[in-house]
Amino acid sequence: MTEFVLTGFMGSGKTTIGRLMAEMLHCPHIDLDEAIVAKAGKSISRIFAEEGEPYFRDLETQLLAAAVARAGILSTGGGTPVRMENNLLLRRIKTPVIFLETSPEMILERLKNDRNRPLVQALDPDKLLQLYRERESCYRQSADFRISTDRKTPIEIVREIMERAHISAEDGMH
Ligand code: S3P
């Protein structure tokens, strides 16, 4: 079973925080996007362009189920909790699911020069904000708790997560 699952919109820091947590807890970091890229043998942009988003979403669901059964910290993709099947799985597992909540302003700032995320390329800022609002309830429903990330450093965010989960870095899994 994973130790923690991180969710949140694109640009909320899931990968950065996941890597840091894994380092501090001495456990593996699993990045769902990376697992998808490895399985498909091509980048996310190419999967979207060549196979289409539904293919990507099917792979995401399949690999999420495999990932939650592995040990470590799991960083999901921004759209993972949107599909009901995934959302229900995240609610069902005992692992704490943490929603990294980042303000829309901060998200737009972080994503404005992004060239790798197909949805950022396809949507203008207004549409991205609309997507953010549409997805908010999915993140909230599937999370055990949420941590606001605005104006915090990665290390502060990790410490806050550990405090909320009542663990310390010394409890790390070896
Ligand atoms: C997506 C988010 C991305 C990646 C894909 C789709 C989304 O992950 O899974 O581009 O639907 O929000 P990140 O949140 O890690 O960028």
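The largest pocket in this predicted model has a volume of about 670 Å³. A pocket here is an open set of points on a 1 Å grid over the protein atoms alone, where a 1.4 Å probe fits, with protein on both sides within 12 Å along at least five of seven lines. The volume is the space filled by probe spheres set on the points, which are joined across faces, edges and corners. Lining residues have an atom within 4 Å of a point. There are 36 of them, and Met10, Lys14, Thr15, Asp33 and Arg117 are the closest to the centre of the pocket.

A word on conventions. Residues are numbered from 1 along each chain as its sequence is written, and side-chain values use heavy atoms, without hydrogens and water. Because the model is predicted, local features need pLDDT of at least 70 and side-chain atom pairs count only at pLDDT 80 or more, while totals for chains, interfaces and linings use all residues.

Which helix gives the largest share of the lining? That is H1, with 5 residues. At least two residues each come from H1 (14–25), H2 (32–40), H3 (44–50), H4 (53–68), H7 (118–122) and H9 (154–164). Helices are DSSP runs of H or I, at least four residues, numbered from the N terminus. By class, the lining has 10 nonpolar, 14 polar and 12 charged residues. Nonpolar means Ala, Val, Leu, Ile, Met, Phe, Trp, Tyr, Cys and Pro; charged means Asp, Glu, Lys and Arg; the others, Gly among them, are polar.

Next, helix packing. The axes of H2 and H4 come within 9 Å and cross at roughly 115 degrees. Axes are lines fitted to C-alpha atoms over the stretch in contact, and angles run from 0 to 180 degrees between N-to-C directions. H2 and H4 are therefore roughly perpendicular; that term covers 65 to 115 degrees, under 35 is roughly parallel, over 145 roughly antiparallel, and the rest oblique. Contact means heavy atoms within 4.5 Å. On the H2 side it involves Leu32, Asp33, Ala35, Ile36, Lys39 and Ala40, and on the H4 side Phe56, Leu59, Glu60, Gln62, Leu63, Leu64 and Ala67. These residues divide into 9 nonpolar, 1 polar and 3 charged.

H6 (residues 104–111) and H8 (residues 125–142) have axes 11 Å apart, at an angle of about 130 degrees, and are therefore oblique to each other. Pro104, Ile107, Leu108 and Leu111 of H6 meet Pro125, Leu128, Leu129 and Tyr132 of H8. That contact has 8 nonpolar residues, no polar and no charged.

H8 also packs with H5 (residues 84–92), at about 30 degrees with axes 8 Å apart, which makes H5 roughly parallel to H8. Here Asn87, Leu90 and Arg91 of H5 meet Cys138, Gln141 and Ser142 of H8.
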